[in-house]
Amino acid sequence: MDYVPHVVAWNLTRRCNLECAHCYIAAGPQESAATELDTAACLEIVDQLLLVNPAPLLILSGGEPLLRRDLTEIAQYASARGATVVVGTNGTLLTGERIAALKQAGVQGLAVSVDSLRPSYHDNFRHRRGALADVQAALERVRAARLDFIVQTTVTKGNRAELERLVAWSADQGAVSFNCYFLVSTGRGATLTDLAPADYEAVLADLARWEQTYRGRMLVRAKCAPHFMRHVHQTDLGSPVLNYQTRCPCGTQYCRITPEGKLTPCPYLPEVAGDLRAQSFADIWRSSPLFRQLREGPLGGKCGVCEYRALCGGCRARAFALEGDVLAADPSCVYEPTGDTPLLEPAREIAYGAEFHPALVWSAAARERVARIPSFVRGVVMERVEAWARRQGRREVTPELLAEVRRAMPIDFSKREPFFVTDE
């Protein structure tokens, strides 16, 4: 299999104006820029990444990435060369000027953290009074700038009862997605008490139900909990969630760059695959023993015999954090495989990250336009476009047809996702 880094998360800094209780990178105000990659090194890494995948989704994060003065320079360099760039931020530093600069630099969207609508909880969790009010004010400015944004929430015992309200609030704010993160015991998160496995099941069942409720308006996703796929498969075989091709994508379709230039399988799995100060991105991605282990190694324990292992496979970061083995069974899962059920495969002919072989004629201009779509969604996009074209009796895909498809779809992320980088 040809493994492609479709999504790369980049922790540009450990510096942060907050000191969040769950931070996997243990960022905070006490950190310095001394060990960070400088601007020139960052731009060189962008070039190396684009040699392996010319159209990745690049997530610039931290710490707090807005504390890097060269954030817009890095973003503009990457976006101008084919990457789709988004920024992950705690939201408190998003002034109108910063939002305008990010948009001018080609940033396509923001991921903003909101853990509660109660200041007493959010501000305490983020270790700064007024943090929630600052984020809410920032989102008003983001909406005014017409920049897509995602709301990200880490579920804990303290906000579990508030999740439904948070999902509804996120939709009302105009978020394109609500991402519910499940704690991985790494960084400062290692000191927090995680949900019990039974609570995982209850939250995942809720998320699967809300995914149906908000479909066509806002995506609802579980992060660091691939057993979400089992819940969706059991309750809604028509869900677009099942376009995702799993096991856990860390080290197969996804990786993380640390502030110091280390490459790891994902932000929550700190085991180092290689050092970009000494090795090229391509060499590490293609030859690292750790990446090869994640791609080729058999899953252990009940994950290895589970009929959902091709759809789910468990969280590899949590297995490493709690069991010390990237291939161990995910301890957060209560599901017990039957042992006599055939392996369940993804239900879609074309999955996110898969290559699509066109059956219709695509004009050169149409091909050029879809080439700017992130690689992980391009195949799904092209399949949907051809299906629409056939229903209209069309035999060639042109920019005009792409515009027709866009106009025919509701203005929401779950439908416009494939095209949000095609408008100029």
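**Figure 1. Strand 8 and strand 9 form an antiparallel pair joined by two bridges.** Two strands are said to pair if DSSP finds at least two bridges between them; helices (H or I, at least four residues) and strands (E, at least two) are DSSP runs numbered from the N terminus. R256 has T264 in strand 9 as its bridge partner. Four residues lie between the strands of this hairpin, where G261 takes a positive phi near 95 degrees. The model is predicted: local features need pLDDT of at least 70 and side-chain atom pairs count only at pLDDT 80 or more, while totals for chains, interfaces and linings use all residues. Residues are numbered from 1 along each chain as its sequence is written, and side-chain values use heavy atoms, with hydrogens and water left out.

**Figure 2. Strand 8 (residues 254-257) has buried residues pointing both ways.** Y254 and R256 point one way, and C255 and I257 the other. Buried means under 20% relative accessible area, exposed over 50%, and partly exposed in between (1.4 Å probe, protein chains only). In a regular strand the side chains alternate between the two faces of the sheet. Strand 8 also runs parallel to strand 1 (residues 7-11), to which four bridges join it; V8 stands opposite C255.

**Figure 3. L110 of strand 4 stands opposite V87.** Leaving aside residues up to four places away in sequence, L110 touches V87, L94, L102, V142, L147, D148, F149 and I150, where contact means heavy atoms within 4.5 Å.

**Figure 4. Helix 8 (residues 228-235) is largely enclosed by the rest of the structure, because six of its eight residues are buried.** The buried residues are F228, M229, R230, H231, V232 and H233. Helix 7 (197-213) and strand 7 (219-223) are among the elements that cover them.
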